[in-house]
Amino acid sequence: MITVEQAEQIILDNKSDLGAEITLFDTSAGRVLAETIRADRDLPPYNRVMVDGIAIKYSAFERGIRIFKIKAVQAAGVEPVEVDGDEECIEIMTGAAIPESVDTVIRYEDITIGEGEAIINLATIEKGQGLHLKGADKTQGDVLAVPGQLITPAVLSLIASVGEAEVRVKKVPRIVVISTGDEVIEVHKRPTPFQIRRSNNYTAQAILKTLGYEASVLHLPDDPEVMRNQLSQCFQYYDAIILAGGVSAGKFDFLPQVLNELGVEQLFHKVAQRPGKPFWFGKHGNGVPVFAFPGNPVAVYMCLHRYFIPWLYATLGQQQPAPVYAMLNNDLEFKPELKYFLQVKLLVNEQAKLIAEPIVGNGSGDFANLADANAFMELPAEKSVFKKGEVYRVHLINPL
Ligand SMILES: Nc1nc2c(c(=O)[nH]1)N[C@H]1C(S)=C(S)[C@@H](COP(=O)(O)OP(=O)(O)OC[C@H]3O[C@@H](n4cnc5c(N)ncnc54)[C@H](O)[C@@H]3O)O[C@H]1N2
Ligand code: MOO
Ligand SMILES: [Mg+2]
């Protein structure tokens, strides 16, 4: 049996490269950049007026002039109007390019506007005040965003400001989440006393959706023939296949065999972890990875976060988020030599420490328990006693 770290490495080594595509900039938020965004002009592109008021020559103020004749009113977006002499000013608006003949802006609150003139009511001013100078933020050609960067609203504003109406982004994998099992019936149907309604695939779909990724859902019976037929079609269409259930030691756990017959090479089966020990991972001859998670809902939840999402990041060329650590708030024991993914409720205490409160449940079938947790804490396999105050890595599954 391999360790969690080995499993993670094998998965990352098998990231896909789906290439890039062009998208309209205004729908690109949440996508991953596949090109470098550079400043096409200086930022700001001209000496930008930052307040509404008047623009004067500082030297005129220095010589004692306080009353200025208004030569013109200049809105943002129009060609600058020059003054003819020291006693003139331009009434000027925020966002305008300052004329070359003036160098200092005084806001309306500090002046009195009379008949065609402005009087400055300040004893002192600073040369160049009220201006955001050309190139102060970025110079033409500077890199503003790089491939692999998530297009956040802030990055989108840069893309827009440099005029990239169309932007190159990484292609997103077409994902399908497939649950399996004869006992698992459709949500709108009434179960017999021996059946349950399916939730796993919808949960996985919802997790992916909250992260901005679409996934289709499907369900397969525990019938190798049907599994073979349906899965072989999935390999034609999808870039990543997530399965839930049917991978353990049961008489009706047909998936490893069926996947093998379909030309999927097994890269591992079983990971030293709880939940999710029977996790099976492989790759089809056409390059499509198969994440066959154990059917227990908590195992699916954990494995999706711990393995599939890092694969998605790697495939999109996106940097993995930095690991997060929290402090355990209770003593606990876990004897098996498995890495234990403990469900916890994280909260930030008054000392700004991230505290992990264990959520005690009934194992990996207890998905009611998941609603109260917002993270899994990764407790190392080598230890069996864990003490309050010890610090371990956590994986957020819900906002704090
Ligand atoms: N002899 C052994 N038995 C089991 C082992 C083992 O190592 N040796 N491992 C146990 C572990 S750990 C897990 S986890 C499960 C995994 O089993 P499978 O991947 O084969 O999954 P199933 O048997 O199909 O189902 C397990 C469990 O999950 C429920 N389930 C399945 N699909 C859904 C769904 N869509 N929504 C909600 N719940 C679902 C299913 O009804 C079962 O209760 O095996 C242990 N056994
Ligand atoms: O891996 Mo299973 O999910 O421990 O029950
Ligand atoms: Mg089973």
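The structure holds 13 aromatic pairs, a pair being two rings of Phe, Tyr or Trp (its six-membered ring) with centres within 6.5 Å; planes under 30 degrees apart count as stacked, over 60 as edge-to-face and the rest as tilted. This is a predicted model, in which local features need pLDDT of at least 70 and side-chain atom pairs count only at pLDDT 80 or more, while totals for chains, interfaces and linings use all residues. Residues are numbered from 1 along each chain as its sequence is written, chains are lettered from A and ligands numbered from 1 in the order in which they are written, and side-chain values use heavy atoms, with hydrogens and water left out.

**Stop 1: an aromatic pair.** Select Phe291 and Phe308, whose rings are edge-to-face, 5.0 Å centre to centre and with 85 degrees between the planes. Phe291 belongs to strand S21 (residues 289-293) and Phe308 to helix H7 (residues 297-315), so the pair ties together parts that are 17 residues apart in sequence. Helices (H or I, at least four residues) and strands (E, at least two) are DSSP runs, numbered from the N terminus.

Stop 2: Select residues 176-315, which carry the UniProt annotation "domain: MoaB/Mog" from an unreviewed entry. UniProt positions are given in the numbering used here, feature names are shortened, and annotations may be inferred rather than shown by experiment. Over residues 176-315 the chain is 36% helix and 27% strand, with the end C-alpha atoms 16 Å apart.

**Stop 3: ligand 1.** Show the 19 residues around ligand 1; Glu183, Ser199, Ser248, Asp253 and Gly295 come nearest. A residue counts as near if one of its heavy atoms lies within 4 Å. By class this shell has 7 nonpolar, 9 polar and 3 charged residues, where Ala, Val, Leu, Ile, Met, Phe, Trp, Tyr, Cys and Pro count as nonpolar, Asp, Glu, Lys and Arg as charged, and the others, Gly among them, as polar.

Now look at the N and O atoms. A backbone N or O atom of Asn200 lies 3.2 Å from a nitrogen atom of ligand 1, and one of Ser248 lies 3.0 Å from an oxygen atom of the ligand. In the side chain of Asp253, an N or O atom is 3.0 Å from an oxygen atom of ligand 1. Taken alone, ligand 1 exposes 870 Å², of which the protein buries 69% (Shrake-Rupley method, 1.4 Å probe).

**Stop 4: the magnesium ion.** Stay on Asp253, in the loop between strand S17 (240-244) and helix H6 (255-261). What are the protein donors of the magnesium ion (ligand 3)? They are Asp253 (OD) and Asp253 (OD), lying 2.4 Å from the ion. Donors are N, O and S atoms within 2.8 Å of the metal (3.2 Å for Na, K and Ca); water is not among the atoms, so sites may look incomplete.

**Stop 5: ligand 2.** Arg274, Pro275, Gly276, Lys277, Pro278, Asn296, Ala299 and Ser364 surround ligand 2; they divide into 3 nonpolar, 3 polar and 2 charged. Oxygen atoms of ligand 2 lie 2.3 Å from a backbone N or O atom of Gly276 and 3.0 Å from one of Lys277. The side chain of Asn296 has an N or O atom 2.8 Å from an oxygen atom of ligand 2.

**Stop 6: backbone geometry.** Most residues other than glycine have a negative phi, and most peptide bonds are trans. The bond from Arg274 to Pro275 is cis, with omega near -5 degrees; Pro275 lies in the loop between strand S19 (273-274) and strand S20 (280-284). Lys270, in the loop between strand S18 (264-269) and S19, has a positive phi of about 90 degrees. Finally, select Leu43 and Pro44, joined by a cis peptide bond with omega about -10 degrees.

Technical notes
Polar contact = N/O pair within 3.5 Å; in protein donor to acceptor, adjacent residues only side chain to side chain.
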